[in-house]
Amino acid sequence: MKIVDVQAIPLRVPRGDKVDLDGSQDDALIRIQTNTGLEGIGEVDSSPEVVKAIIEAPISHSWSMGLGKILIGEDPSNPERLWEKMYRGSIYYGRRAVAINAISGVDIALWDLKGKIERKPISELLGNKYRIKVPVYASLYPYGDTPEQVADTAKRMVERGFKAVKLDGAPLGQDRKLDHQILAATRDAIGDENDLLTDVAEPGWNVDEAIVRAKIYSDFDVYFLEAPFRPDELDKYKALSEATELRIAYGEQHTTRFEFMDLVEKGGIKIIQPDVSRAGGISEVLRIAHYAREKQTTLIPHCWKTGISIAANLHLLASIENAPYLEFCQPPTSPLRYTLLKEDFSVEQDGQVKVPTGPGLGIELNESTVEKYRVD
Ligand code: MG
């Protein structure tokens, strides 16, 4: 079997020039075709048009090639071998950031293809099977402006079955007194038995301010504090991690095991959050997970895209021991989030989502949604 085509299809929901943090308003859908008619599907959480350029670029020289040129003609049955080929073949413009984001989506599609070739779900291909359902946390954005509104949103999630909720971005992280009120109201609303997670989305704190906030957050038994600083401020992460008992989480902007090694070893991070559609795909997140286990570090993947990323993560987490939760965005605001696939990944009353059982990712695209939102 041979790969005959690699496509990156930009999808975009019209919304004018509105800027917000919703990750599924657009998508770079990856489709890998073979000469037998079998197809692999993936996606990338990055700028879709930049990803498309990386897939379609011509050959400059052997260390600077478009990913499509690297893959066409290859046997698709070994994604990890092809990951190395893509990493080396893009190394002059790649190694990190968007080139690795693009490799991530292609790698997911290659694993989907491998599963379809062998007629097995990816979770089975990955060997160790720790679970058939994965606990997810409700990642709330937007979630209200006042403590009362925030508490109400969080309470509704617990009523729907979630055992953990996360407040994403502002208003949390802005005003110190407001933080106290929001956390008090939310903890009261969800009870002590459920987990309360926080993501302050790089609010511009210095280390002293972060230490003061960490004390406040600890008083409400916050499970982790995510993104107090920017991605390259590892010295600040280290200083905060050494000054607080509160677990610090980060990693949605990081790519490859090399950057996660830095987060853990130079930044003192206790919870790492690779995104399978950004950090290097299933092949690389597996390596990151094995590293994390050796370092006694917990892995809680970032997931901000469509059902394709959700499916890839469910298969991954079925086979990873040190991953207590998957991020699960609520409410799903973009139609790409809930109409791109025929499958509906809804949370059950026990706060978990079932791992798909069909071959590969175990998903099917809604072609009408692809046609409706494609912008190429
Ligand atoms: Mg985040």
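The protein is divided into domain 1 (3-119) and domain 2 (125-366), with bounds that come from an automatic or database domain assignment. The model is predicted: local features need pLDDT of at least 70, side-chain atom pairs count only at pLDDT 80 or more, and totals for chains, interfaces and linings use all residues. Residues are numbered from 1 along each chain as its sequence is written, and side-chain values use heavy atoms, leaving out hydrogens and water.

**Between the domains**

- The C-alpha centres of domain 1 and domain 2 lie 25 Å apart.
- In domain 1, 38 residues are in contact with 37 residues of domain 2, where contact means heavy atoms within 4.5 Å.
- Domain 1 and domain 2 bury about 3200 Å² between them, and 62% of it is on carbon and sulfur atoms; buried area is the accessible area (1.4 Å probe) that two parts lose on being put together, summed over both.
- The rule finds 4 salt bridges across the interface of domain 1 and domain 2, a salt bridge being a side-chain nitrogen of Lys or Arg within 4 Å of a carboxyl oxygen of Asp or Glu.

**A salt bridge**

- Lys 305 and Asp 45 meet through their side chains in a salt bridge, at 3.4 Å from N to O.

**The second largest pocket**

- The second largest pocket has a volume of about 250 Å³; a volume is the space filled by probe spheres set on grid points, which are joined across faces, edges and corners.
- Its lining has 19 residues, and the closest to the pocket centre are Phe 328, Arg 337, Tyr 338, Asp 344 and Phe 345.
- On a 1 Å grid over the protein atoms alone, with a 1.4 Å probe, a pocket is an open set of points with protein on both sides within 12 Å along at least five of seven lines, and lining residues have an atom within 4 Å of a point.
- Helix H12 (307-318), strand S11 (326-330) and helix H13 (335-339) each give two or more residues to this lining, and H13 gives the most, with 4 residues.
- Helices (H or I, at least four residues) and strands (E, at least two) are DSSP runs, numbered from the N terminus.
- The lining divides into 10 nonpolar, 5 polar and 4 charged residues; Ala, Val, Leu, Ile, Met, Phe, Trp, Tyr, Cys and Pro count as nonpolar, Asp, Glu, Lys and Arg as charged, and the others, Gly among them, as polar.

**Backbone exceptions**

- Most residues other than glycine have a negative phi, and most peptide bonds are trans.
- Tyr 141 and Pro 142 are joined by a cis peptide bond with omega of about -10 degrees; Pro 142 lies in the loop between strand S4 (133-140) and helix H6 (147-159).
- Arg 95 is not a glycine, yet has a positive phi of about 80 degrees.
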